[in-house]
2 protein chains.
Amino acid sequence: MKPIYFTPGPAALYPTVEAHLHQALRDNIPSISHRSSQFRAIYQSAYEGLRELLDLPTDMGVFFVGSATEVWERVLQNCVEQASFHLVNGAFSRKFYEFAGLLQKQAHKQEADFGKGFTAGELHVPQGIEMIAFTQNETSSGVATSVETIHDTKDAHLDSLIVVDAVSSAPYPIFDFAKVDSLFFSVQKAFGLPAGLGVWIANERCLAKAQALESKGINTGAHHKLTNLWQFFKKFETPATPNVLSIYLLDKVVQDMLAYGKDKLRDETDLKAIMLYDFLRESELFDVFVENPEHQSNTVIVANTRQPASPILKTLEEKGFIIGSGYDKSREQIRIANFPATSVEQVEMLIDAMSELS
Amino acid sequence: MKPIYFTPGPAALYPTVEAHLHQALRDNIPSISHRSSQFRAIYQSAYEGLRELLDLPTDMGVFFVGSATEVWERVLQNCVEQASFHLVNGAFSRKFYEFAGLLQKQAHKQEADFGKGFTAGELHVPQGIEMIAFTQNETSSGVATSVETIHDTKDAHLDSLIVVDAVSSAPYPIFDFAKVDSLFFSVQKAFGLPAGLGVWIANERCLAKAQALESKGINTGAHHKLTNLWQFFKKFETPATPNVLSIYLLDKVVQDMLAYGKDKLRDETDLKAIMLYDFLRESELFDVFVENPEHQSNTVIVANTRQPASPILKTLEEKGFIIGSGYDKSREQIRIANFPATSVEQVEMLIDAMSELS
């Protein structure tokens, strides 16, 4: 039997991906021109599907780049002249912050300990911050920032762009895009696709910022600068040859998620998260790592192990369940992805297998 | 019957790709961790295969990025402090040149008309040029620069880095990597893979240059800066999640090409190019576009059509052959890719179909 992947990325494929991949090969999708009407129809369909799935307003552009990590760089290059502010509470939020320094921006941060999160009232944003960067779901620690905290931050800082890394949570959180200026994710997490595509969503305020930087002669990059991405997006094309196959698969999976029901998909994520946290809380082998329930991610669930984690991972693998190792190697931890690709039944099976550990 | 793609990218899949893709799904390649020994083995095998296929010396690193277009940006950011020099003779060499300006380098160029090429003795490289950029195969016009011209340029400019865009030719040309400091390509051209992966090859002189720029506090980018790519390459990893599936497929196709025989593969490319050029030369409907035989590309073959190109493309498509339209829309042209994925027999079939046109 094939193992079931509960890894936080690359992760289990969404159940329909294999069939779509076969159809893509039958239809020669890897060979079609990215300047053809066939490609433009794929891009447009993926865009419209994402708009429906994520409740995007019509003023937001949707761009396809190499990875979410690339977006860290692009959004800093294109939307920050001087200063960005980063909420740092794990490895990925820290790298996003470090990118700002590498790109010679004034990088400000507020830190929380590994496993801790942020709440709107407790943020201390310095003056003159152009972009506030949230790593909404810190994949390394399993800490999520609530959408309310993000929305409240916008209300308190209307002049700043609110940029949200939703790499290991989208399409689960429901954002109010009146209060989020840019969102991005990779497809190999909760969308259940092979890695190799980043999706960057940005509104016209981001575009205006990029245009302003360009008019000042500031270097906004070359390959994927926002003004260029946007110009090609208007005709559903990309500046260079993109990962056409992955965009095709993303479109298909988004349509499948919509057909399944986006509410149902989110309700099931909630249900599976409750099942997993309940099990971990009552287990004698595991402890939920993130103590504050308001900061516990529903899509990446992290637990401390009371025994060395490595043999636990190995035993589970032998039973056909591949879960994530801890990101911080100085701790004995496991990480369990709770993405739409894995069903309630599969989570039950995983919990049964974990119950048998001793 | 499935059509045969003779498009210059995205192009026909190498014949073994479908089977490898099925095996990848059976083996859960899209779900494996990019921090696992399984991934490192794939990277190492792809690296060693490319070394053998391209005759790379041991001091060159092989890095996986989003696309060849991304490499234009990365190599300029990491290997040029002040000034680069570009041989410009078509749309892609021009964009590479324009990237240098966008990245605020002093961008110098020598231009040739569309359809013309360059010869070593005729290059006028200004003083103080750190990088000489060749678009070895100009996909828009079907003009190739000979490897001898590139090698001779190195001999005449030992202090400059020689950087070669071999997007639509690699692995066909045989370079002497004592005289080429960096080479890059996309996999959706002559490697016959789905788009979504760029391969960047660079030697230790490029690395030393990137290190020197960093030590001077110059912005070399963040996501894919060369020092970081190299550091991860040493353990056969990538800084962020790469297109694992595409690297897997690249490895498999490179092994298949080696098993087929790299000499045979290049000899067949020569043979197919002769067949195509001979046909075009004798045809009453087509004229070879690139007049100088020394500048005619063997991998992207461009012809003027004596009738409007569009109905020709349509008729060929109805017969099951998809060839490329001209890149310059002001001309009546066709482009025919001559990549390893299409066999001598398939080229014969295409020529037969083109012979029947009137």
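Visitor: Leaving aside its neighbours within four places in sequence, which residues is B:Leu250 in contact with?

Guide: The model is predicted: local features need pLDDT of at least 70, side-chain atom pairs count only at pLDDT 80 or more, and totals for chains, interfaces and linings use all residues. Residues are numbered from 1 along each chain as its sequence is written, while chains are lettered from A and ligands numbered from 1 in the order in which they are written. Two residues are in contact if their C-beta atoms, placed from the backbone, lie within 7 Å. By that criterion, the partners of B:Leu250 are B:Ala46, B:Val187, B:Phe191, B:Leu193 and B:Leu197.

Visitor: Which residues have the most contacts inside the largest nonpolar core?

Guide: A nonpolar core is a set of buried Ala, Val, Leu, Ile, Met, Phe, Trp, Tyr and Cys residues joined through C-beta atoms within 7 Å. A residue is buried if 20 or more other C-beta atoms lie within 10 Å of its own, exposed if 12 or fewer, and partly exposed in between. The largest core has 235 residues, and those with the most contacts inside it are A:Leu250 and B:Leu250.

Visitor: By what turn can chain B be laid on chain A?

Guide: Copies are superposed by least squares on the C-alpha atoms of residues with pLDDT of at least 70 in both. The RMSD is 0.0 Å and the shift along the axis is 0.0 Å, with a turn of 180°. The two copies are thus related as by a two-fold rotation axis, the turn being 180°.

Visitor: Which residue of chain B comes closest to the rotation axis?

Guide: The distance is taken at the C-alpha atom, and the closest approach is 2.4 Å. The residue of chain B at that distance is B:Gly66.

Visitor: Which element gives the largest share of the side of chain B that touches chain A?

Guide: Helices (H or I, at least four residues) and strands (E, at least two) are DSSP runs, numbered from the N terminus. Between the chains, 45 residues of chain B are in contact with 45 residues of chain A. The elements of chain B giving two or more residues to this side are α1 (17-26), α3 (68-79), α4 (91-102) and α8 (244-260). The largest share, four residues, comes from α3(B).

Visitor: Which are the edge strands of the seven-strand open sheet of chain A?

Guide: Two strands pair if DSSP finds at least two bridges between them. The order is β2-β10-β9-β8-β5-β3-β4, with mixed pairing. Those that pair on one side only are β2 (61-65) and β4 (106-111) of chain A.

Visitor: Which residue does A:Phe63 stand opposite in β10(A)?

Guide: β2(A) and β10 (residues 198-202) of chain A pair in the antiparallel sense over five bridges. In β10(A), the residue opposite A:Phe63 is A:Trp200.

Visitor: At about what angle does helix α4 of chain A run to β3(A)?

Guide: Axes are lines fitted to C-alpha atoms, for helices over the stretch in contact, and angles run from 0 to 180 degrees between N-to-C directions. Helix α4 (residues 91-102) of chain A lies across β3 (83-88), β4, β5 (131-135) and β8 (161-165) of chain A. Its angle to β3(A) is about 165°.

Visitor: What separates the centres of domain 1 and domain 2 of chain A?

Guide: Domain bounds come from an automatic or database domain assignment, which divides chain A into domain 1 (4-11 + 262-355) and domain 2 (17-259). Taken over C-alpha atoms, the separation of their centres is 26 Å.
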